[in-house]
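Subject: Structure handover

Hello,

Here is the structure you asked about, followed by notes on what turned up in it. The notes go region by region.

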Amino acid sequence: MAQETGLFIYGIVPSDVEPTPEAEGVGSPPGEVTAIRHGELAALVSAVGLEEPLGRPADLMAYETLLDGTVVVAPVLPVRFGTVVTGEDAVDELLDAHHDRFAAALAELEDHLQYTVHGRFDEQEFIGGFLAGNASAAALADQVRGRPEAESREPRIRLGEMISQAVELHREAENRELIDAVGRYAVADVARPPSHELDAVNVAFLVGTDDEEEFVRAVEEFAEQRRGLIRMRLRGPVAPYDFVSAHQLVE
């Protein structure tokens with residue numbers, strides 16, 4: 001018995017956007033990406049089995065690769081990963097019901113890209129600096145140094161809590177300083193939740209294409225000032241996942 005198929009929706013784009021022949025969708029084997037057009041809009045989709053489990057790393061990579069490649073040439077409204085509808089009629093209904101809002105959002109995103117700045121504290125450097133400046137924490141570190149974990153459980157817990165609080169305070173300060181340093185080259189910014197206990201910065205920026213070079217240069221200068229303490233990474237340009245999506249406009 002043949003498996004029933006549906007359409008995986010990646011994003012909403014202007015109607016003149018055409019998927020490249022080499023674009024690969026989610027699923028195994030990867031589905032062919034096509035565009036379903038309605039008025040001024042188009043939805044990028046590919047066929048998937050309705051019973052096929054999605055969510056493998058390869059699926060998420062295919063989703064992001066398609067959207068991130070598209071945003072370089074045209075504005076795009078990402079659709080939440082994993083959105084599958086029964087067929088083209090459902091896609092037409094979505095585009096028809098929200099046509100004007102989608103079109104207005106795409107117009108606002110024209111010539112804008114997302115960049116994400118993510119940095120993580122070097123554990124040794126951060127803890128060393130923290131202990132050097134905090135006598136109470138340094139005393140606790142002396143208590144636990146060289147002692148079995150079972151014998152030093154309470155001071156280890158207290159020390160861990162102090163370090164965690166210090167990381168959180170420094171993270172808030174670093175995010176603010178990053179936004180102050182590079183935010184002038186962005187039209188919007190969003191502080192993202194940490195992905196690791198030692199995260200130092202994690203901020204998404206919406207940047208106009210005319211300001212990309214200045215933005216990247218400012219991020220590089222910020223990273224250079226913290227070399228040794230924070231390992232910084234700039235990701236982009238990518239689709240505006242943190243600023244607008246089709247689901248936000250529908251909901």
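Ser152 sits in the loop between helix H5 (135–144) and helix H6 (153–182). Please keep in mind that this is a predicted model. Ser152 is buried, with a relative accessible area of 0%. Setting aside neighbours within four places in sequence, Ser152 is in contact with Val144 and Arg147. From Ser152 to Asp111 the C-alpha separation is 57 Å, although the two are 41 residues apart along the chain.

Asp111 belongs to the loop between helix H3 (99–109) and strand E6 (112–121). Its backbone has a positive phi of about 65°, and Asp111 is not a glycine. As for cover, Asp111 is partly exposed at a relative accessible area of 47%.

Asp111 also takes part in a patch of negative charge on the surface, together with Glu110, Asp210, Asp211, Glu213 and Glu214. One of these, Glu213, lies in helix H7 (residues 212–225). Glu213 has a relative accessible area of 61%, so the residue counts as exposed, the cut-off for that class being over 50%.

Salt bridges

The search of the whole structure gave 11 salt bridges.

The side chains of Arg37 and Glu18 form a salt bridge with an N to O distance of 2.7 Å. This pair links distant parts of the chain: Arg37 is in strand E2 (residues 34–38), while Glu18 is in the loop between strand E1 (5–14) and E2, 19 residues apart. Arg37 is partly exposed, at 36% relative accessible area, and Glu18 is exposed, at 57%.

The other two share Arg235. In one, the side chains of Glu64 and Arg235 meet at 3.4 Å, N to O. Through shared partners, Glu64, Asp68 and Arg235 make up one network of salt bridges.

Asp68 has 14% relative accessibility, so the residue counts as buried, since buried means under 20%.

Asp59 is another residue of helix H1. At 1% relative accessibility, Asp59 counts as buried. Which residues does Asp59 touch, not counting those up to four places away in sequence? They are Val26, Gly27, Pro53, Leu54 and Phe81.

Strand E9 covers residues 230–238 and contains Pro237. The peptide bond that leads from Gly236 into Pro237 is cis, with omega near 0°.

Two pairs separated in sequence

Gly49 is part of strand E3 (residues 41–49). With 8% relative accessibility, Gly49 counts as buried. Between Gly49 and Gly6 there are 6.2 Å in space, C-alpha to C-alpha, and the two are 43 residues apart in sequence.

Thr20 is partly exposed, with a relative accessible area of 41%. The C-alpha atoms of Thr20 and Leu66 are 9.7 Å apart, and 46 residues separate them along the chain.

Regards

Definitions and conventions
Residues numbered from 1 in each chain as written. Predicted model: local features only at pLDDT ≥ 70, side-chain atom pairs only at ≥ 80, totals over all residues. Heavy atoms only, no water. Helix = DSSP H or I, 4+ residues; strand = E, 2+ residues; numbered from the N terminus. Buried < 20%, exposed > 50% of the residue type's maximum accessible area, 1.4 Å probe, protein only. Patch = residues over 30% accessible without salt bridge, like charges linked within 9 Å, V, L, I, M, F, W, Y side chains within 5 Å. Areas by Shrake-Rupley, 256 points an atom, 1.4 Å probe, with all protein chains shown as cover. Salt bridge = Lys/Arg side-chain N within 4 Å of Asp/Glu carboxyl O. Lys, Arg positive; Asp, Glu negative; His and termini not counted. Charge placed at Lys NZ, Arg CZ, Asp CG, Glu CD. Contact = heavy atoms within 4.5 Å.
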